[in-house]
Amino acid sequence: MAFASRTQITFSNTKQINLTTKEYQMKKTLLNLVAVCGFSLMAVNVYADQRTMGMDMAGMKMDSMPANPTSATALSDGVVKAVDKENGNITLKHGRIKSATVEMGPMTMPFVVKDKALLSNVKVGDKVKFTVENINGEATVTILFIQK
Ligand SMILES: [Cu+2]
């Protein structure tokens with residue numbers, strides 16, 4: 001009787017070890033997956049950097065790290081030079097920009113907008129206050145106010 005139960009215990013221990021090995025394999029696979037994903041994210045960032053350099057915007061900095069939501073994002077001043085409501089683009093002659101993820105000096109450049117609705121009332125010549133964040137490597141206007 002005592003022998004039988006000991007055998008049973010040994011069996012369940014073996015089963016436990018097998019399960020643990022399987023879990024270890026799964027974790028390893030997951031880690032490899034994470035490594036692959038991390039690499040493609042890096043590739044996207046390199047692509048974004050090249051585009052930024054292509055735009056020849058001196059002093060522009062776009063962090064690849066996600067924004068710290070508690071960082072203060074100041075509104076920047078801009079004048080609307082062009083609006084493409086269909087594609088969600090706006091060209092702004094802007095002052096200094098310093099947000100949690102984007103930093104640049106004054107220049108005129110196109111931006112994508114986070115939400116096309118931001119462009120519903122803007123027109124060329126409007127003075128605006130806005131913020132820009134790096135969303136998937138693109139300088140994206142997230143807030144836009146028309147100054148009266
Ligand atoms: Cu710029």
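This passage walks through the fold of one predicted protein chain, from its overall layout to a few single residues.

The model is predicted, so local features are described only at a pLDDT of at least 70 and side-chain atom pairs only at pLDDT 80 or more, while totals for chains, interfaces and linings use all residues. Residues are numbered from 1 along each chain as its sequence is written.

The chain has an average pLDDT (the predictor's confidence in each residue, from 0 to 100) of 72, and 51% of the residues reach at least 70. Over residues 7–17 the pLDDT stays under 50, and the model shows zero contacts there beyond four places in sequence; a contact is a pair of residues whose C-beta atoms, placed from the backbone, lie within 7 Å. Residues 28–56 also have a pLDDT below 50, and this stretch has 10 contacts in the model beyond near neighbours in sequence. Where pLDDT is low, the predicted coordinates should not be read in detail.

Next comes the overall layout. The chain holds one helix and eight strands, in the sequence order α-β-β-β-β-β-β-β-β. Both kinds of element are DSSP runs numbered from the N terminus, with helices (H or I) of at least four residues and strands (E) of at least two. Among contacts with a separation of 6 or more, 56% join residues 24 or more positions apart. Of the 148 residues, 16% count as buried. A residue is buried if 20 or more other C-beta atoms lie within 10 Å of its own, exposed if 12 or fewer do, and partly exposed in between, with C-beta atoms placed from the backbone.

Five of the strands form a closed barrel in the order β2-β3-β6-β8-β7, and the pairing is mixed. From one strand to the next, the twist averages 55°; axes for such angles are lines fitted to C-alpha atoms, for helices over the stretch in contact, and the angles run from 0 to 180 degrees between N-to-C directions. Strands are said to pair if DSSP finds at least two bridges between them.

Strand β2 (residues 76–84) is antiparallel to β3 (residues 89–94), and six bridges link the two. One of these pairings sets Asp84 against Asn89 in β3. Four residues lie between the strands of this hairpin, where Gly88 has a positive phi near 70°. Strand β2 is also joined to β7 (residues 127–135), again antiparallel, by four bridges. Here Asp77 has Lys129 as its bridge partner, and Gly78 stands opposite Val128.

Strand β7 in turn runs antiparallel to β8 (residues 138–146), with eight bridges between them. Lys129 stands opposite Phe145 of β8, and Asn134 faces Ala139. The hairpin of β7 and β8 has two residues between its strands. Asn136 lies in that loop and has a positive phi of about 55° although it is not a glycine. Most residues other than glycine have a negative phi, and most peptide bonds are trans. Asn136 is exposed because it has 10 other C-beta atoms within 10 Å.

Leaving out neighbours within four places in sequence, Phe111 is in contact with Asn89, Ile90, Leu92, Val132, Ala139, Thr140 and Val141.

Two partly exposed residues complete the picture. Ile143 belongs to β8 and counts as partly exposed because 18 other C-beta atoms lie within 10 Å. Apart from residues up to four places away in sequence, Ile143 touches Phe130 and Thr131. Glu103 sits in β5 (residues 102–104) and is partly exposed because it has 16 C-beta neighbours inside 10 Å. Glu103 and Glu133 are separated by 30 residues in sequence and by 9.2 Å in space, C-alpha to C-alpha.
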